[in-house]
Structures are given as C-alpha cells and as structure tokens.
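Here is a short briefing to read with the model open beside you. Please keep the viewer at hand, and take the topics in any order after the lead.

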Amino acid sequence: MEEQSKAHSTTIVIADDHAMVRDGLAALFAGYDHVEIADFAADGLEAIALCRKLRPDFLTLDVGLPMANGAEVFAEVQRWSPETRVIVFTGFTAPNMLADWVAAGVEGLFLKTCSEEELRRGLQHILGGGKYIARDVVALLDTEAAQTDLTPREREVLSLIAGGCTTTQIGARLFIS
C-alpha cells in the first residue's frame, strides 16, 4: 500500500539559502496529501545537481541563491529536467525582474512577504496543475505597467498571465493564435 501512495506522490526540491525558509516550506508542504520533499538545496549548484539527479515534479526556487542565482538555476533545470515545474520565491521587488519570471513561464511567483493564507491558496492551485502569481506581485506589475507605454492589449495579456492563464487560454480569450 505504501508503494502505491509513493508512486502517486508529488516530489519537491526546496532550494533556499536560509534554513528557516526551507523548514517553513517543508512544514507547509507537509499539510498536503501525496506531497513528498525529495531533498533540500542551500545553493544554486546543489539545486541544479538535485534536479538533474532526482527530476522532481516541482522546484521551489529562491532568486538570490549563492553559487548560481535563480535565473541560472532555472535555465539549467529546464535543460536537465524540463518536466520539473518551478515555483519562485523572492524578496526582490523590481517589477522588471518579476515580469521576466512571469514571461519565463514559472508556475508560481511569490514575494517572501506574502501571507501564509495566500501562499497556501497559491500552492494548492499550482499543485492542482495551475499557475499562480501572488497578488502583491500583480500589484507591482500593474504599477509598473501603468508607468510604461504598454498598449491596452499588452496590459490585457499581462493581466491574463498574472491570473494564471496558459498561452492557449489567452489565445482563446483574445481570439488570437
């Protein structure tokens, strides 16, 4: 019976250079059925090696990792374990950087200041197959979009991305291919 439940477990590697964050995320994921923490990484090189070896379903990724930053880790994970879905946690609030993560196609994007309630809701949505961009990230992106020369159509697309829509769903909603 145990082997059957492990076969259907969702595996996660948690990559953060702060033990308190790693432990907190592990405790949060422990509340979900069929979720198994495969391992922990304290730096970017370790995260890459673990994803290459374990090929987890998810990687939770801190943007500011030592040895290899989040963007480098993301690129290597896409190369070595393309089926691994990435959830980004960051303390950085630069709208351009956050927009880059959204454009890169991560499954989730959270500021480390988000509430536990929103984090739980977002993780549940992601574990269910969706994408989730935290409200505080959306607010930062909306503020930046209002200050830039985005067209109304670009703002509409950005809003749909932030709302968790896939490119197929966006195309269908906007009647474009």
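In strand 3, Leu 61 is the bridge partner of Ala 15. Residues are numbered from 1 along each chain as its sequence is written, and side-chain values use heavy atoms, with hydrogens and water left out.

**Confidence**

- The protein chain has a mean pLDDT of 88, and 92% of its residues reach 70 or more; pLDDT is the predictor's confidence in each residue, from 0 to 100.
- Over residues 1-6 the pLDDT stays under 50, and the model has two contacts beyond four places in sequence for this stretch. A contact here means heavy atoms within 4.5 Å.
- Where pLDDT is low, the predicted coordinates should not be read in detail.

**The sheet and the helices on it**

- Strand 1 (residues 10-15) and strand 3 (residues 58-62) pair in the parallel sense over four bridges. Two strands count as paired if DSSP finds at least two bridges between them.
- The open sheet has six strands in the order 2-1-3-4-5-6, with parallel pairing.
- Strand 2 (35-41) and strand 6 (132-133) are at the edges with a single partner strand each, so one side of each has no neighbour in the sheet.
- Helix 4 (residues 70-80) lies across strand 3 and strand 4 (85-90), and runs at about 160° to strand 3. For such angles, axes are lines fitted to C-alpha atoms (for helices over the stretch in contact), and the angle between N-to-C directions runs from 0 to 180 degrees.
- Helix 5 (residues 95-104) also packs on the sheet, where it touches strand 3, strand 4, strand 5 (108-111) and strand 6; its direction makes about 160° with that of strand 5.

**Two buried residues to look at**

- Glu 107 sits in the loop between helix 5 and strand 5. Is Glu 107 buried or exposed? Its relative accessibility is 12%, so Glu 107 counts as buried; the cut-offs are under 20% relative accessible area for buried, over 50% for exposed, and in between for partly exposed (1.4 Å probe, protein chains only).
- Not counting residues up to four places away in sequence, Glu 107 touches Arg 85, Val 86, Ile 126, Gly 130, Lys 131 and Tyr 132.
- Leu 119 belongs to helix 6 (residues 116-127), and counts as buried because its relative accessibility is 12%.
- Leaving aside neighbours within four places in sequence, the contacts of Leu 119 are Leu 25, Leu 28, Phe 89, Phe 110 and Cys 114.
- Between the C-alpha atoms of Leu 119 and Tyr 132, 13 residues apart along the chain, the separation is 9.6 Å.

**Salt bridges**

- How many salt bridges does a search of the whole structure find? The search finds seven, taking a salt bridge as a side-chain nitrogen of Lys or Arg within 4 Å of a carboxyl oxygen of Asp or Glu.
- Arg 120 forms one with Glu 116, with the closest N and O atoms 2.7 Å apart. Both residues lie in helix 6, four residues apart, about one turn of the helix.
- Arg 120 is partly exposed at 36% relative accessibility, and Glu 116 is partly exposed at 48%.
- Glu 117 forms a salt bridge with Arg 121, the closest N and O atoms being 3.4 Å apart. About one helical turn separates Glu 117 and Arg 121, because they are four residues apart in helix 6.
- Glu 117 counts as exposed at 58% relative accessibility, whereas Arg 121 counts as partly exposed at 35%.
- Glu 118 and Arg 135 meet through their side chains in a salt bridge (3.9 Å, N to O). This pair links distant parts of the chain, with Glu 118 in helix 6 and Arg 135 in helix 7 (residues 135-147), 17 residues apart.
- Glu 118 is buried at 3% relative accessibility, while Arg 135 is exposed with a relative accessible area of 52%.
- A network of salt bridges links Asp 16, Asp 62 and Lys 112.

**Cysteines**

- The structure has zero disulfides, a disulfide being a pair of cysteine sulfur atoms within 2.5 Å.
- Cys 51 counts as buried at 1% relative accessibility, and Cys 114 is buried with a relative accessible area of 16%.

Methods
Predicted model: local features only at pLDDT ≥ 70, side-chain atom pairs only at ≥ 80, totals over all residues.
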